[in-house]
Amino acid sequence: MRLLRSLLVAAFVAATPSLAAAATERQEPDIDMYAHISGRCTTLKIAGRDFGCKAVAYFHGQQGRAHFTIVLDDPRDASHIISFSGETSRREQNDIYELQVDRMLLNSKDRPKVDGLPVPLVESSTGTCRQLGILSTRQISSIACTATLSDGRKYELQFESDGEPVTLRRIRQSSLEEEKARARKAERLECRRKAALAKVLPRDWTAYVIRCLADDDEKPATAAQ
(Lines give C-alpha, C1' and ligand atoms only; values in the text may rest on other atoms or scores of the structure.)
Protein backbone atom coordinates (compact mmCIF):
# COMPACT_ATOMS: atom_id res chain seq x y z
CA MET A 1 0.00 0.00 0.00
CA ARG A 2 2.89 2.36 0.70
CA LEU A 3 4.12 1.89 -2.87
CA LEU A 4 0.63 2.61 -4.22
CA ARG A 5 0.38 5.82 -2.21
CA SER A 6 3.83 6.95 -3.38
CA LEU A 7 2.94 6.13 -6.97
CA LEU A 8 -0.33 8.01 -6.72
CA VAL A 9 1.29 11.19 -5.38
CA ALA A 10 4.17 11.13 -7.85
CA ALA A 11 2.00 10.32 -10.85
CA PHE A 12 -0.49 13.06 -9.96
CA VAL A 13 2.34 15.52 -10.52
CA ALA A 14 3.58 13.63 -13.58
CA ALA A 15 0.06 13.73 -15.02
CA THR A 16 -0.17 17.53 -14.76
CA PRO A 17 1.80 18.97 -17.69
CA SER A 18 0.82 22.52 -16.70
CA LEU A 19 3.22 22.18 -13.77
CA ALA A 20 6.12 21.84 -16.17
CA ALA A 21 5.30 25.19 -17.71
CA ALA A 22 5.00 26.94 -14.34
CA ALA A 23 7.10 25.04 -11.85
CA THR A 24 6.79 27.76 -9.23
CA GLU A 25 2.98 27.71 -9.18
CA ARG A 26 1.14 24.81 -7.53
CA GLN A 27 -1.86 23.61 -9.55
CA GLU A 28 -4.21 20.76 -8.79
CA PRO A 29 -4.33 17.90 -11.30
CA ASP A 30 -7.63 17.17 -13.01
CA ILE A 31 -7.38 13.39 -12.60
CA ASP A 32 -10.78 11.74 -12.12
CA MET A 33 -9.80 8.06 -12.34
CA TYR A 34 -6.79 6.03 -11.22
CA ALA A 35 -6.09 2.35 -11.84
CA HIS A 36 -3.16 0.27 -10.58
CA ILE A 37 -2.45 -2.86 -12.61
CA SER A 38 -0.48 -5.61 -10.89
CA GLY A 39 2.08 -7.53 -12.94
CA ARG A 40 5.54 -7.19 -14.47
CA CYS A 41 7.27 -5.35 -17.30
CA THR A 42 8.73 -7.93 -19.67
CA THR A 43 10.19 -5.07 -21.74
CA LEU A 44 10.95 -1.52 -20.66
CA LYS A 45 13.39 0.37 -22.87
CA ILE A 46 14.18 4.03 -22.19
CA ALA A 47 16.20 5.65 -24.96
CA GLY A 48 18.07 2.40 -25.60
CA ARG A 49 18.50 1.40 -21.94
CA ASP A 50 16.73 -1.57 -20.33
CA PHE A 51 14.93 -1.18 -17.01
CA GLY A 52 12.59 -3.10 -14.77
CA CYS A 53 9.49 -1.49 -13.30
CA LYS A 54 8.05 -1.21 -9.80
CA ALA A 55 4.49 -0.23 -10.70
CA VAL A 56 2.22 0.55 -13.64
CA ALA A 57 -0.88 2.73 -13.45
CA TYR A 58 -3.47 4.32 -15.71
CA PHE A 59 -4.77 7.83 -15.09
CA HIS A 60 -7.66 9.58 -16.81
CA GLY A 61 -8.28 13.34 -16.64
CA GLN A 62 -11.54 15.25 -16.65
CA GLN A 63 -10.51 16.97 -19.89
CA GLY A 64 -9.99 13.61 -21.61
CA ARG A 65 -6.19 13.22 -21.42
CA ALA A 66 -5.02 9.77 -20.35
CA HIS A 67 -1.68 8.48 -19.08
CA PHE A 68 -0.01 5.11 -18.74
CA THR A 69 2.49 5.81 -15.96
CA ILE A 70 5.44 3.59 -15.06
CA VAL A 71 7.58 3.79 -11.92
CA LEU A 72 10.98 2.50 -12.97
CA ASP A 73 13.08 0.13 -10.89
CA ASP A 74 16.12 2.40 -10.95
CA PRO A 75 18.47 2.01 -7.91
CA ARG A 76 20.11 5.35 -8.75
CA ASP A 77 16.90 7.35 -8.97
CA ALA A 78 13.79 6.70 -6.84
CA SER A 79 11.98 9.49 -8.72
CA HIS A 80 12.44 7.93 -12.17
CA ILE A 81 8.91 7.89 -13.61
CA ILE A 82 7.65 8.10 -17.19
CA SER A 83 4.17 8.54 -18.64
CA PHE A 84 2.86 7.78 -22.11
CA SER A 85 0.23 10.50 -22.52
CA GLY A 86 -2.47 11.26 -25.08
CA GLU A 87 -5.92 12.76 -25.66
CA THR A 88 -7.15 10.57 -28.51
CA SER A 89 -8.26 7.00 -27.91
CA ARG A 90 -10.44 4.35 -29.48
CA ARG A 91 -11.71 0.80 -29.05
CA GLU A 92 -11.33 -1.55 -32.01
CA GLN A 93 -13.08 -4.24 -29.99
CA ASN A 94 -14.70 -4.22 -26.59
CA ASP A 95 -11.55 -5.49 -24.88
CA ILE A 96 -8.93 -3.56 -26.92
CA TYR A 97 -8.21 0.03 -25.96
CA GLU A 98 -5.76 2.18 -27.94
CA LEU A 99 -4.32 5.54 -26.88
CA GLN A 100 -2.54 7.77 -29.39
CA VAL A 101 0.54 9.05 -27.56
CA ASP A 102 1.47 12.68 -28.27
CA ARG A 103 3.53 13.41 -25.14
CA MET A 104 6.05 11.70 -22.93
CA LEU A 105 6.25 12.97 -19.34
CA LEU A 106 9.72 12.30 -17.96
CA ASN A 107 10.46 12.59 -14.27
CA SER A 108 13.71 12.13 -12.36
CA LYS A 109 15.49 13.30 -9.23
CA ASP A 110 17.20 16.06 -11.23
CA ARG A 111 13.96 17.79 -12.22
CA PRO A 112 12.78 21.02 -10.49
CA LYS A 113 10.48 20.38 -7.53
CA VAL A 114 7.05 21.68 -6.50
CA ASP A 115 5.88 20.81 -2.96
CA GLY A 116 8.88 18.48 -2.72
CA LEU A 117 7.98 16.47 -5.84
CA PRO A 118 9.85 16.60 -9.17
CA VAL A 119 8.09 18.38 -12.04
CA PRO A 120 8.12 16.31 -15.25
CA LEU A 121 9.78 17.26 -18.50
CA VAL A 122 7.13 17.23 -21.23
CA GLU A 123 8.36 16.00 -24.61
CA SER A 124 6.30 15.88 -27.82
CA SER A 125 6.18 12.40 -29.26
CA THR A 126 4.35 10.05 -31.59
CA GLY A 127 3.27 6.57 -30.59
CA THR A 128 0.57 4.26 -29.33
CA CYS A 129 -0.46 2.37 -26.22
CA ARG A 130 -2.57 -0.76 -26.65
CA GLN A 131 -4.35 -2.28 -23.67
CA LEU A 132 -5.96 -5.72 -23.73
CA GLY A 133 -8.77 -5.98 -21.20
CA ILE A 134 -11.46 -3.78 -19.70
CA LEU A 135 -10.87 -1.51 -16.71
CA SER A 136 -14.51 -1.50 -15.66
CA THR A 137 -14.36 -5.28 -15.15
CA ARG A 138 -11.02 -4.85 -13.29
CA GLN A 139 -9.36 -7.33 -15.66
CA ILE A 140 -6.37 -6.25 -17.80
CA SER A 141 -4.13 -8.84 -19.45
CA SER A 142 -1.43 -6.68 -21.07
CA ILE A 143 -0.30 -3.18 -22.02
CA ALA A 144 2.06 -2.38 -24.90
CA CYS A 145 3.34 1.16 -25.52
CA THR A 146 5.81 2.67 -27.98
CA ALA A 147 6.72 6.31 -28.45
CA THR A 148 9.39 8.24 -30.36
CA LEU A 149 10.52 11.76 -29.50
CA SER A 150 11.36 14.39 -32.11
CA ASP A 151 15.10 13.75 -31.60
CA GLY A 152 14.65 10.04 -32.33
CA ARG A 153 14.80 8.69 -28.78
CA LYS A 154 12.48 5.73 -28.33
CA TYR A 155 10.44 4.45 -25.38
CA GLU A 156 8.99 0.97 -25.28
CA LEU A 157 6.85 -0.90 -22.75
CA GLN A 158 5.50 -4.43 -22.70
CA PHE A 159 3.59 -5.18 -19.51
CA GLU A 160 1.92 -8.47 -18.55
CA SER A 161 -0.69 -8.65 -15.80
CA ASP A 162 -0.40 -11.28 -13.07
CA GLY A 163 -4.16 -11.83 -13.18
CA GLU A 164 -4.98 -9.93 -9.98
CA PRO A 165 -8.03 -7.62 -10.23
CA VAL A 166 -7.18 -4.02 -11.11
CA THR A 167 -7.28 -1.55 -8.22
CA LEU A 168 -9.67 1.09 -9.56
CA ARG A 169 -10.38 4.42 -7.89
CA ARG A 170 -12.62 7.22 -9.08
CA ILE A 171 -11.51 10.57 -7.71
CA ARG A 172 -14.08 13.22 -6.92
CA GLN A 173 -12.95 16.76 -7.64
CA SER A 174 -14.36 19.40 -5.29
CA SER A 175 -14.53 23.16 -5.54
CA LEU A 176 -12.94 25.32 -2.85
CA GLU A 177 -16.39 26.33 -1.62
CA GLU A 178 -17.43 22.68 -1.26
CA GLU A 179 -14.27 21.94 0.72
CA LYS A 180 -14.91 24.92 3.00
CA ALA A 181 -18.52 23.83 3.56
CA ARG A 182 -17.41 20.30 4.51
CA ALA A 183 -14.75 21.67 6.86
CA ARG A 184 -17.29 23.98 8.51
CA LYS A 185 -19.73 21.10 8.97
CA ALA A 186 -17.01 19.00 10.58
CA GLU A 187 -16.19 21.87 12.95
CA ARG A 188 -19.84 22.18 14.00
CA LEU A 189 -20.09 18.45 14.68
CA GLU A 190 -16.90 18.56 16.73
CA CYS A 191 -18.17 21.50 18.79
CA ARG A 192 -21.44 19.67 19.44
CA ARG A 193 -19.47 16.62 20.57
CA LYS A 194 -17.46 18.79 22.96
CA ALA A 195 -20.66 20.33 24.31
CA ALA A 196 -22.11 16.88 24.97
CA LEU A 197 -18.93 15.73 26.73
CA ALA A 198 -18.92 18.91 28.83
CA LYS A 199 -22.59 18.29 29.74
CA VAL A 200 -23.58 21.79 28.69
CA LEU A 201 -27.15 22.65 29.68
CA PRO A 202 -29.66 22.97 26.80
CA ARG A 203 -30.11 26.70 27.46
CA ASP A 204 -26.35 27.26 27.05
CA TRP A 205 -25.85 24.92 24.08
CA THR A 206 -26.06 27.55 21.30
CA ALA A 207 -23.74 29.97 23.05
CA TYR A 208 -21.20 27.20 23.71
CA VAL A 209 -21.15 26.06 20.08
CA ILE A 210 -20.77 29.65 18.83
CA ARG A 211 -17.80 30.23 21.15
CA CYS A 212 -16.28 26.89 20.10
CA LEU A 213 -16.53 27.78 16.40
CA ALA A 214 -15.04 31.22 17.07
CA ASP A 215 -12.11 29.61 18.89
CA ASP A 216 -11.51 27.32 15.89
CA ASP A 217 -11.50 30.33 13.55
CA GLU A 218 -8.79 31.99 15.62
CA LYS A 219 -6.46 28.96 15.48
CA PRO A 220 -3.61 29.29 12.93
CA ALA A 221 -3.96 27.15 9.82
CA THR A 222 -1.76 24.09 9.65
CA ALA A 223 0.24 22.91 6.63
CA ALA A 224 -2.31 20.13 6.07
CA GLN A 225 -5.14 22.66 5.82
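I started with strand β7, residues 88-93, and found that β7 pairs with β8 in the antiparallel sense over five bridges. My strands are DSSP runs of E, at least two residues long, numbered from the N terminus (helices would be H or I runs of at least four), and I call two strands paired if DSSP finds at least two bridges between them. The two strands make a hairpin with two residues between them, and Q93 has I96 in β8 as its bridge partner.

A note on the source: this is a predicted model, so local features need pLDDT of at least 70 and side-chain atom pairs count only at pLDDT 80 or more, while totals for chains, interfaces and linings use all residues. Residues are numbered from 1 along each chain as its sequence is written, and side-chain values use heavy atoms, with hydrogens and water left out.

Next I looked at β11 and β12. They pair in the antiparallel sense over 10 bridges, with G133 opposite I140 in β12. Four residues sit between the strands of this hairpin, and R138 in the turn has a positive phi of about 65°.

From β12 I moved on to β13. Seven bridges join these antiparallel strands, and T146 stands opposite E156 in β13. This hairpin also has four residues between its strands, and G152 takes a positive phi near 95°.

Then I checked S161, which lies in strand β13. Is S161 buried or exposed? S161 counts as buried because its relative accessibility is 19%, and the cut-offs are under 20% relative accessible area for buried, over 50% for exposed and partly exposed in between, with a 1.4 Å probe and protein chains only. Leaving aside neighbours within four places in sequence, S161 is in contact (heavy atoms within 4.5 Å) with I37, S38, G39, I140 and S141. A polar atom of the S161 side chain lies 3.5 Å from the backbone oxygen of S38.

I also looked up V119, in the loop between β10 (117-118) and β11 (121-134). V119 is buried, at a relative accessible area of 1%.

Of its 32 residues, I82 and F84 touch the most other members. Elements giving two or more residues to this core include β1 (31-37), β6 (81-86) and β8 (96-107).

Notes:
Core = buried A, V, L, I, M, F, W, Y, C linked by side-chain atoms within 4.5 Å. Polar contact = N/O pair within 3.5 Å; in protein donor to acceptor, adjacent residues only side chain to side chain.
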